[in-house]
Amino acid sequence: MELAYIPSPSHGVLYLGPVPLRGYAFCIIIGVFVAVWLGNKRWIARGGRAGTVADIAVWAVPFGLVGGRLYHVITDYELYFSEGRDWVDAFKVWQGGLGIWGAVALGAVGAWIGARRRGVPLPAYADAVAPGIAFAQAIGRWGNWFNQELYGRETHVPWALHITSSEGGRVPGYYHPTFLYESLWCVGVALLVMWADRRFRLGHGRAFALYVAAYCVGRGWIEYMRVDDAHHILGLRLNDWTALIVFLLAVTYFVVSAKKRPGREAVVEPAAAAEASGEAAEDTGTNAGDGDRTGAEERTAAAETGGEAGDGEAGDQGAAKDRDGAGNGAAVESEAAAAAKDEAESAKKG
């Protein structure tokens, strides 16, 4: 008797009346939302416009879903086109089956189209959304849990995944939860990219290259643990070879880009930079106008103060003149009084 394990859901779909609500689809939708939300925050922090990431995602997400499905159908074509299979099932995305390699490759084409329409450089956009894509993968992997798929070898570890379905050749039992391993690995990749980007100011697509390389390392050992049917080349699963090749390409791009274009883009969205420059110029002009008005007011006040001071000086001068006039009048009166006195004395003598 197992003391601890991860239970599988009894079914991966709930019905809201006639409308099916599938756990796999919900995980994909939530992952896309998180990727766009985080990418938008990082884009704004780099100097871009709010909403640009979502506008480009309108192109990238559909292309990514188509690319992911195409990769899965092409690499596992026998599930849909071999004898006894129904090729229509190739279109039933909700049943699972999205290859991340095809999703990223064709999603990049959609992002390139959207980025050109917005006039922004694709490498800068890729750097902004890289951690969000890793988080989206971490969430999306739980869709495999709802579908009871992509598990590893049989095990009895306490965190073993209990598979209960026998559909599609499954054998009920306890297996390594490789979906959980990959989910946790993707969370670690996202945190690594965010730290490295903040620490080393990665630019020109290098944050995205770091995400790709780090993911490939984890995907290599996780893929090796899986037991579902897959094509093998020289003893390795096809996805192991894909991870190895993509890892080498990502590392090569990182190194070459760092030598040819060191540092980070100063401007990631020219239109937003132009708007910011225009607003700064307008603010400078407004401040200059305010300064001119203030200077004029100060000059007017000074003139008025000077006028009042002039009036005061004129008043003082008038008062001085009045005092001088009064003094002169008093002197004249004194002289007249003295003359009258002299005449009086002369008359007495005569």
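1. In this predicted model, the largest nonpolar core holds 24 residues, and among these W101, V189, V193, Y211 and Y215 touch the most other members. Helices α4 (100-118), α5, α7 (178-200), α8 (206-225) and α9 (238-260) each supply at least two residues of this core, with the greatest share coming from α8, which gives seven residues.

2. V193, one of the residues that touch the most other members of that core, is in contact with A130, P131, A207, L210 and Y211 once its neighbours within four places in sequence are left aside. Apart from this core lies another, made up of 13 residues, which include V53, A115, A128 and V268.

3. Turning to the aromatic rings, the structure holds twelve aromatic pairs. One of them is formed by W43 and Y125, an edge-to-face arrangement with 6.2 Å centre to centre and 65° between the planes. This pair links distant parts of the chain, since W43 belongs to helix α1 (residues 23-45) and Y125 to helix α5 (residues 122-140), 82 residues apart; both W43 and Y125 are buried.

4. A further pair to look at is that of W87 and F91, whose ring centres are 6.2 Å apart and whose planes stand at 75°; because planes over 60 degrees apart count as edge-to-face, the pair is assigned to that class. Both W87 and F91 are exposed, whereas W43 and Y125 are both buried.

5. Finally, W142, W145, F146 and F179 form one aromatic cluster.

Key. Residues are numbered from 1 along each chain as its sequence is written. This is a predicted model: local features need pLDDT of at least 70, side-chain atom pairs count only at pLDDT 80 or more; totals for chains, interfaces and linings use all residues. Side-chain values use heavy atoms; hydrogens and water are left out. Rings of Phe, Tyr and Trp (its six-membered ring) pair if their centres lie within 6.5 Å; planes under 30 degrees apart count as stacked, over 60 as edge-to-face and the rest as tilted. Helices (H or I, at least four residues) and strands (E, at least two) are DSSP runs, numbered from the N terminus. Buried means under 20% relative accessible area, exposed over 50%, partly exposed in between (1.4 Å probe, protein chains only). A nonpolar core is a set of buried Ala, Val, Leu, Ile, Met, Phe, Trp, Tyr and Cys residues joined through side-chain atoms within 4.5 Å. Contact means heavy atoms within 4.5 Å.
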